[in-house]
Amino acid sequence: MCIESIGFIFDFNLIEKIISDESYEVFFDKNPANKFYQYYFRSNDRIFKVRIYDFNAKIFNIYQYIESESLNPTPLSKEEAVDFCNSYLKSKFEHIFNFLSMDKNYLITSTYKDSTESYKFKYNFLDNFGKPSPGKSLFITINTVLSYIEELSILF
């Protein structure tokens with residue numbers, strides 16, 4: 001399930017690539033009932049981490065890190081990052097994209113040496129009346145320097 005999820009979310013086929021390292025750990029998030037399995041994979045220039053909640057085996061969090069020497073001389077602006085995320089979400093989750101609404105009040109920015117490295121956006125799932133469903137959100141982080149989706153988290 002992790003390898004298929006990496007393929008779907010990040011368009012990276014671990015089956016065709018060489019996995020140079022893999023491991024997993026079990027951890028509990030603030031409560032013994034909140035058991036998670038966390039899987040790590042390394043392949044070529046990428047590292048992946050997938051967290052799965054034990055209770056229902058839904059993907060909770062998926063992350064990739066790309067090791068690269070080639071940096072974008074002009075990191076994506078916030079507006080370009082929003083467009084990138086919207087386009088990505090619409091292509092990957094076209095059946096639910098119309099039930100997502102970006103939370104305009106939520107933005108986490110990571111910077112290094114006065115340059116923005118990433119933006120993290122929050123999208124709320126909408127109910128049948130177009131109102132945000134409490135506790136149902138999707139978080140997406142975009143690396144602005146290399147222009148790729150770094151992390152995706154789904155909370156239900």
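1. Let's start with Lys92: this lysine is buried, with a relative accessible area of 14%. Bear in mind while reading on that this is a predicted model. Buried here means under 20% relative accessible area, so Lys92 at 14% falls on that side of the cut-off.

2. Which residue does Lys92 pair with? Its salt-bridge partner is Asp11, and the closest N and O atoms are 2.6 Å apart. Lys92 belongs to helix H2 (residues 78-92), while Asp11 is in the loop between helix H1 (2-10) and strand E1 (19-28), so the contact ties together parts that are 81 residues apart in sequence.

3. How many salt bridges does a search of the whole structure find? The count is four. Besides the Lys92 and Asp11 pair, two others are worth a look, and they get a point each below.

4. Take Arg42 and Glu67. Their side chains meet in a salt bridge at 3.2 Å, N to O. This pair also links distant parts of the chain: Arg42 comes from strand E2 (residues 35-43) and Glu67 from the loop between strand E4 (59-66) and H2, 25 residues apart. Arg42 counts as partly exposed, at 29% relative accessibility. Glu67 is partly exposed too, with a relative accessible area of 32%.

5. Then there's Asp45 with Arg46. The closest N and O atoms of this salt bridge are 4.0 Å apart, and the criterion asks for a nitrogen within 4 Å of a carboxyl oxygen.

6. E7 (residues 132-143) and E8 run antiparallel, joined by seven bridges.

7. Last, is strand E8 mostly covered or mostly open? E8 (residues 148-155) is mostly covered, as six of its eight residues are buried.

How values were computed:
Residues are numbered from 1 along each chain as its sequence is written. This is a predicted model: local features need pLDDT of at least 70, side-chain atom pairs count only at pLDDT 80 or more; totals for chains, interfaces and linings use all residues. Side-chain values use heavy atoms; hydrogens and water are left out. Buried means under 20% relative accessible area, exposed over 50%, partly exposed in between (1.4 Å probe, protein chains only). Helices (H or I, at least four residues) and strands (E, at least two) are DSSP runs, numbered from the N terminus. Two strands pair if DSSP finds at least two bridges between them.
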